[in-house]
Amino acid sequence: MVKVTVCGAAGGIGQPLSLLLKLNQNVDELSLFDVVNVPGVGADLSHICSDSKTESFVPSSKEDKSALANSLKGSDLVIIPAGVPRKPGMTRDDLFNINASIVRDLAQGIAENAPKAFVLIISNPVNSTVPIVAETLKKNGVFNPQKLFGVTTLDIVRANTFISQLYAKETKPSDFNINVIGGHSGETIVPLYSLGNSKSYYEKLSQDDQKALIHRVQFGGDEVVQAKNGAGSATLSMAYAGYRLAESILKSFKESSVVECTFLNLDDSIKGAKEAKQLINGLDFFSLPVKLGVNGIEEVHYQVLQQISDDEKKLLQVAIDQLTKNIEKGVAFIKN
Ligand SMILES: NC(=O)c1ccc[n+]([C@@H]2O[C@H](COP(=O)([O-])OP(=O)(O)OC[C@H]3O[C@@H](n4cnc5c(N)ncnc54)[C@H](O)[C@@H]3O)[C@@H](O)[C@H]2O)c1
Ligand SMILES: O=C(O)C[C@H](O)C(=O)O
């Protein structure tokens with residue numbers, strides 16, 4: 001029996017993400033939590049004739065903690081797209097004041113009701129919300145770094161799509177699986193086009209076009225925020241990306257060679273984490289490709305950090321400087 005809970009299930013991401021999960025054969029129970037509108041979303045999804053069972057939970061008042069508790073109990077995987085999205089002119093960090101406490105309270109609920117669950121954080125700013133969740137779980141004595149995932153998959157999805165668009169006659173997006181490392185905001189996003197099968201295509205571009213491609217991946221979120229013009233940020237592509245990571249984790253319960261990039265806590269207990277940390281100025285959180293297994297993150301592929309080009313090294317340094325502050329801000333929110 002596999003139970004998956006989505007917190008923020010009635011939102012722009014939550015709804016299509018829940019739809020995709022409802023269709024996944026590896027999910028037996030789909031639990032939907034939100035502070036509004038979720039009974040309707042749950043009723044709607046429950047008519048789909050896939051085999052999983054859907055349940056929805058909404059608190060009856062601000063003080064009611066039982067709805068969250070009941071939605072989480074027995075969960076194997078909890079995915080969090082709860083919180084406010086950006087409007088034009090805002091940075092992800094501008095969301096910190098509202099989303100930090102939302103994410104902290106949900107993490108507290110996980111600590112109390114599903115301490116062994118895999119936890120996937122979509123809520124922005126990811127560079128700070130993931131440390132918030134880690135610190136909250138630590139405070140409760142239930143933190144397992146192998147099971148906490150900051151969802152940066154949308155950056156990989158964009159990196160694959162955008163390079164393929166430049167070579168539309170010769171390639172398809174699915175030809176690529178670019179490693180995107182660092183964090184999830186602007187210059188903390190570092191796509192590694194110099195590795196793997198993208199190398200030859202990337203090197204054929206002029207320097208200006210290379211820069212434009214990197215910039216498009218780093219600021220792809222802004223394209224959607226501007227196009228939605230005040231009505232939110234990426235939801236459908238994000239639902240796909242969040243689903244891809246969740247699907248890979250569910251697959252890794254049965255297969256042993258699943259690799260995804262994720263923003264993780266580089267705890268010494270994880271194979272390859274110590275080596276990674278030494279290559280990124282000792283940062284505690286960073287996105288890197290990781291090997292997944294039944295126990296979660298089994299190994300960090302730190303070797304990519306040794307293979308990157310000189311230009312990517314420069315991008316990495318900028319990312320490290322910004323990430324240091326974002327991570328500290330998240331940790332301080334819980335510790336102070
Ligand atoms: N990691 C990424 O790549 C990525 C991509 C896109 C969006 N995001 C982020 O995801 C978040 C959600 O975006 P969205 O477009 O779905 O927003 P949205 O406003 O459409 O939906 C958010 C949902 O969260 C719910 N919510 C608010 N407080 C809650 C709480 N305490 N418990 C449970 N649910 C709660 C709201 O009721 C709403 O239904 C934003 O922070 C956004 O910046 C991240
Ligand atoms: O841009 C945003 O605020 C949402 C998300 O982080 C994205 O990359 O699309």
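By class, how many nonpolar, polar and charged residues does the shell around ligand 2 have? The shell has five nonpolar, three polar and two charged residues, where Ala, Val, Leu, Ile, Met, Phe, Trp, Tyr, Cys and Pro count as nonpolar, Asp, Glu, Lys and Arg as charged, and the others, Gly among them, as polar. This is a predicted model, in which local features need pLDDT of at least 70 and side-chain atom pairs count only at pLDDT 80 or more, while totals for chains, interfaces and linings use all residues. Residues are numbered from 1 along each chain as its sequence is written, and chains are lettered from A and ligands numbered from 1 in the order in which they are written.

**Ligand 2**

- The residues around ligand 2 are Pro85, Arg86, Arg92, Asn124, Leu154, Gly221, Val224, Val225, Ser233 and Ala234, each having its C-beta atom, placed from the backbone, within 6 Å of the molecule.
- Helix 9 (residues 220-228) supplies the largest share of this shell, three residues, a helix being a DSSP run (H or I) of at least four residues and a strand one (E) of at least two, numbered from the N terminus.
- Ligand 2 lies between domain 1 (3-151) and domain 2 (153-335), because both give residues to its shell; the bounds come from an automatic or database domain assignment.

**Strands 10 and 11**

- Strand 10 (residues 285-293) pairs with strand 11 (residues 296-300) in the antiparallel sense over four bridges, pairing requiring that DSSP finds at least two bridges between two strands.
- The two strands form a hairpin with two residues between them, and Lys291 stands opposite Glu299 of strand 11.
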